[in-house]
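The sequence and the structure are shown first.

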Amino acid sequence: MPSGRWAKWIILGVWIALLIPAFAFAGKLGDVEKNDMSAWLPKDAEATKVLDQAATFQPSDTMPAVVIYDRAGSVTPADLTKAKADAVAFKGVKDVEGAVQGPVPSKDGKALQTVVTIKLGSEGWAGATKAVDKMLDIAKGNSGGLGVHVTGMGGYAADSGKIFTQGNSLGLITAVVVIVILLFTYRSPLLWLLPLLTAGGALFGAEAVVYLLAKHAGLTVNAQSAFIITVLVFGAATDYALLLIARYREELRRHEDRHEAMAEALHRSGPAIVASAATVAISLMVLMLATLNSTKGLGPVCAIGILVGLLAMVTLMPALLVIFGRWIFWPKRPSYGSPEPTSDGLWTRVGARVAARPRLVWIGTAVVLAALSIGLVGMKADGIPQKDQFTKKTQAVVGEEIQAAHFPAGSGDPIYVVAKASAADQVKTTLQGVPGVVAVEQPILKNGDAFILATLKDAPNSKPAMDTVKKARTAVHGISGAEARLGGGTAITLDMENAAARDSKVIIPVVLVVVFLILALLLRAVVAPLLLMGTVVLSFGAALGVSVLMFEHVFKFGGMDASFPLMAFVFLVALGIDYNIFLVTRVREEAMLHGTRRGALAGLSATGGVITSAGLVLAGTFAALGSMPMVFAAELGFTVAFGVLLDTLIVRSVLVTALTLDVGRRMWWPSALSKPGAEPPAGEQDPELALAGK
């Protein structure tokens with residue numbers, strides 16, 4: 001036991017010994033990130049197969065970067081000469097492969113366009129960032145006022161790479177958020193250090209485990225999962241610390257020896273903490289059923305974060321609390337025999353109001369939550385156009401705007417078809433007849449196959465461009481014997497969206513079943529898990545409905561990623577059920593002593609403050625994602641933060657409490673606690689009288 005007189009020192013020593021190498025391994029996590037196409041694409045998607053086939057004609061894992069030159073009046077012969085010299089210089093840049101195309105003047109004479117192929121390689125987006133920065137340095141040198149931007153897939157990959165390097169600043173922002181909330185919660189200049197240090201150690205430990213598994217066991221980790229694990233570990237691990245500290249503080253008032261107090265606190269709060277972590281971890285592991293590689297890899301990475309956070313909070317955290325003793329709570333040290341302050345606090349008064357008319361309260365709350373879900377009607381999670389994926393205007397976005405003003409919007413990021421060489425001319429003719437395709441290049445023949453590039457009229461990844469890809473695929477698939485497949489940047493985005501839609505349909509029901517089974521095992525009941533599941537799903541619908549309206553009408557975001565609803569669901573349902581577990585396990589414990597009605601109010605009084613603090617911590621850590629200037633991160637951060645607050649302040653405290661009071665002992669059916677006469681007589685008292693202890 002971590003609370004043992006000698007065991008606490010042994011546990012501290014073991015953690016120190018483990019964290020010393022963990023710091024080194026965690027620092028290497030970026031070395032094993034895979035941000036190439038294969039780390040994101042579905043394995044069986046058409047665009048993935050085309051990437052493999054196209055390797056015969058162009059280097060694999062490459063993407064076009066479009067260098068745009070423009071001048072307010074019109075480009076001069078000197079500008080064209082410079083652009084030609086730049087094109088030669090680009091060939092010497094690391095990770096630039098193949099021929100450099102251009103510069104090509106626009107028809108209006110106001111811009112020039114050069115297309116450069118960048119190989120992602122092992123560094124992924126980080127490599128693209130270095131290559132694009134070097135190209136910009138070359139192009140801006142002695143430009144004489146000529147505007148220069150790098151756009152296209154390569155330009156956007158470079159901008160994304162710069163954003164994802166903000167992982168360290170995200171960790172710092174998250175830590176600051178946790179510190180502020182812990183200071184507010186404990187009003188102690190010292191106590192906040194223990195959960196923060198333990199959560200920080202858990203994060204380093206989790207990142208070290210992820211690094212080792214990625215290095216030696218083939219675990220896929222990319223930039224997205226690397227930044228999400230930061231906020232998840234800080235948020236969830238601190239939640240577990242808050243629950244443990246609250247119960248430990250209770251037991252310090254009942255036990256003179258702090259070692260005995262911690263042993264009892266672990267015994268009482270341990271099952272809820274373990275069940276909570278298991279719910280989140282298993283729900284995240286269900287993401288391995290996804291076909292989208294980025295989603296599939298996210299599951300085990302985040303599950304590792306949760307499990308390491310759990311291990312830290314049930315071993316290292318108790319040891320540290322016992323080592324430091326009661327004085328760590330200064331200036332409000334819980335002395336032996338002192339009264340429990342939650343017995344007449346805010347949540348006791350909330351419980352009294354809910355107890356007066358519980359049925360009216362839960363019906364009214366459910367109606368309000370259902371009304372907030374109306375925003376789901378207008379939800380369109382069909383992707384974010386390339387130019388709208390950032391919350392601020394980056395150089396690639398500016399470059400695309402200039403390109404669209406002077407060239408076909410799809411130039412520089414073509415679609416391509418790989419087919420049998422014998423059908424090359426027919427495929428070319430068919431592509432030329434597809435609405436939305438403005439140019440088709442001469443087929444390249446090699447080893448019996450043909451490679452054909454085509455330019456789209458519309459901007460890459462836009463809805464019109466994806467509609468054109470669908471039409472083009474239907475057209476070329478219909479050519480007998482051609483065995484034609486269509487890929488390219490827009491086709492990749494389309495396949496990712498289709499995979500995300502499929503993943504949502506498969507994974508969401510499985511997560512619901514997993515959560516129900518865990519709750520049923522924990523509570524030894526069927527009715528309570530069903531009701532809790534209903535409240536969490538209703539809370540998720542309300543959070544997502546409000547978020548959709550905010551994204552469209554307040555933040556003016558350009559859309560939602562196809563994988564966003566699934567990500568929001570998994571995090572909100574798995575994390576949201578945490579607070580119900582914290583509450584209802586305490587209610588069941590109290591119900592065995594005092595009856596369900598009194599237990600519901602006693603449970604709310606005892607856990608209300610700590611669950612609210614935990615919700616604020618988790619909401620704050622996810623809100624920190626808003627510091628990253630990416631629409632996906634901002635949307636996920638807002639939705640999870642708002643949903644957690646909604647669940648913490650309304651669903652758990654009002655809706656669940658009212659349902660428990662109204663349903664009574666039938667909550668625990670079919671366990672013995674649901675049988676008539678199983679509860680103590682005090683359980684049948686009027687709730688308001690029970691609050692008064694009568």
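## Terms and basis

A residue counts as buried under 20% relative accessible area, as exposed over 50%, and as partly exposed in between, with a 1.4 Å probe and protein chains only. The model is predicted, and local features need pLDDT of at least 70, side-chain atom pairs count only at pLDDT 80 or more, and totals for chains, interfaces and linings use all residues. Residues are numbered from 1 along each chain as its sequence is written, and side-chain values use heavy atoms, with hydrogens and water left out.

Helices (H or I, at least four residues) and strands (E, at least two) are DSSP runs numbered from the N terminus. Contact means heavy atoms within 4.5 Å.

Tyr-156 belongs to helix α5, residues 152-164. Its relative accessibility is 3%, so Tyr-156 counts as buried. Not counting residues up to four places away in sequence, Tyr-156 touches Thr-151, Gln-386, Lys-387, Gln-389, Phe-390, Ala-396, Val-397 and Glu-400. Tyr-156 and Thr-394 are 238 residues apart in sequence, while their C-alpha atoms are 8.6 Å apart in space.

Two packed helices are described by the angle between their axes and the distance between the axes. Here the axes are lines fitted to C-alpha atoms, for helices over the stretch in contact, and angles run from 0 to 180 degrees between N-to-C directions. Helix α5 packs with helix α13 (residues 395-406) at an angle of about 160 degrees, the axes being 8 Å apart. The two helices, α5 and α13, are therefore roughly antiparallel to each other; angles under 35 degrees count as roughly parallel, over 145 as roughly antiparallel, 65 to 115 as roughly perpendicular and the rest as oblique. Gly-155, Tyr-156 and Asp-159 of α5 make this contact with Gln-395, Ala-396, Val-397 and Glu-400 of α13. By class, the contact of α5 with α13 comprises three nonpolar, two polar and two charged residues; Ala, Val, Leu, Ile, Met, Phe, Trp, Tyr, Cys and Pro count as nonpolar, Asp, Glu, Lys and Arg as charged, and the others, Gly among them, as polar.

## Packing of α12 with α17

Helix α12 (residues 358-372) packs with helix α17 (residues 527-553) at an angle of about 40 degrees, with their axes 7 Å apart. Helices α12 and α17 are therefore oblique to each other. The crossing of α12 over α17 is left-handed; a crossing is left-handed if the near helix is turned anticlockwise from the far one by less than a right angle, and right-handed if clockwise.

On the α12 side, Ala-366, Leu-369, Ala-370 and Leu-372 meet Leu-538, Gly-541, Ala-542, Gly-545 and Val-546 in α17. The contact of α12 with α17 has seven nonpolar, two polar and no charged residues.

## Packing of α8 with α19

The axes of helix α8 (residues 223-252) and helix α19 (residues 596-623) come within 9 Å, crossing at roughly 165 degrees. This angle makes α8 roughly antiparallel to α19, and α8 passes α19 in a right-handed crossing.

Residues of α8 in the contact include Val-231, Phe-234, Asp-239 and Glu-250, and those of α19 include Ala-606, Gly-615, Leu-618 and Phe-622. Divided by class, the contact of α8 with α19 has 13 nonpolar, five polar and two charged residues.

## Thr-648 in α20

Thr-648 lies in helix α20, residues 631-663, and is buried, with a relative accessible area of 1%. A polar atom of the Thr-648 side chain lies 2.7 Å from the backbone oxygen of Val-644. Not counting residues up to four places away in sequence, Thr-648 touches Tyr-579, Ile-611, Thr-612, Gly-615 and Ser-653.

## Backbone exceptions

Most residues other than glycine have a negative phi, and most peptide bonds are trans. The peptide bond from Gly-102 to Pro-103 is cis, with omega near 10 degrees, and Pro-103 is found in strand β2, residues 101-105. The bond from Trp-669 to Pro-670 is also cis, with omega near 10 degrees; Pro-670 lies in the loop between α20 and α21 (687-691).

Asn-142, in the loop between α4 (125-140) and β4 (147-151), has a positive phi near 55 degrees. Asn-142 counts as exposed, at 79% relative accessibility. Asn-461 has a positive phi of about 70 degrees although it is not a glycine, and Asn-461 is found in the loop between β8 (449-456) and α15 (463-477). With a relative accessible area of 11%, Asn-461 is buried.

Technical notes:
A polar contact is a pair of N or O atoms within 3.5 Å; within protein, one must be able to donate a hydrogen and the other to accept it, and residues adjacent in sequence count only if both atoms are side-chain atoms.
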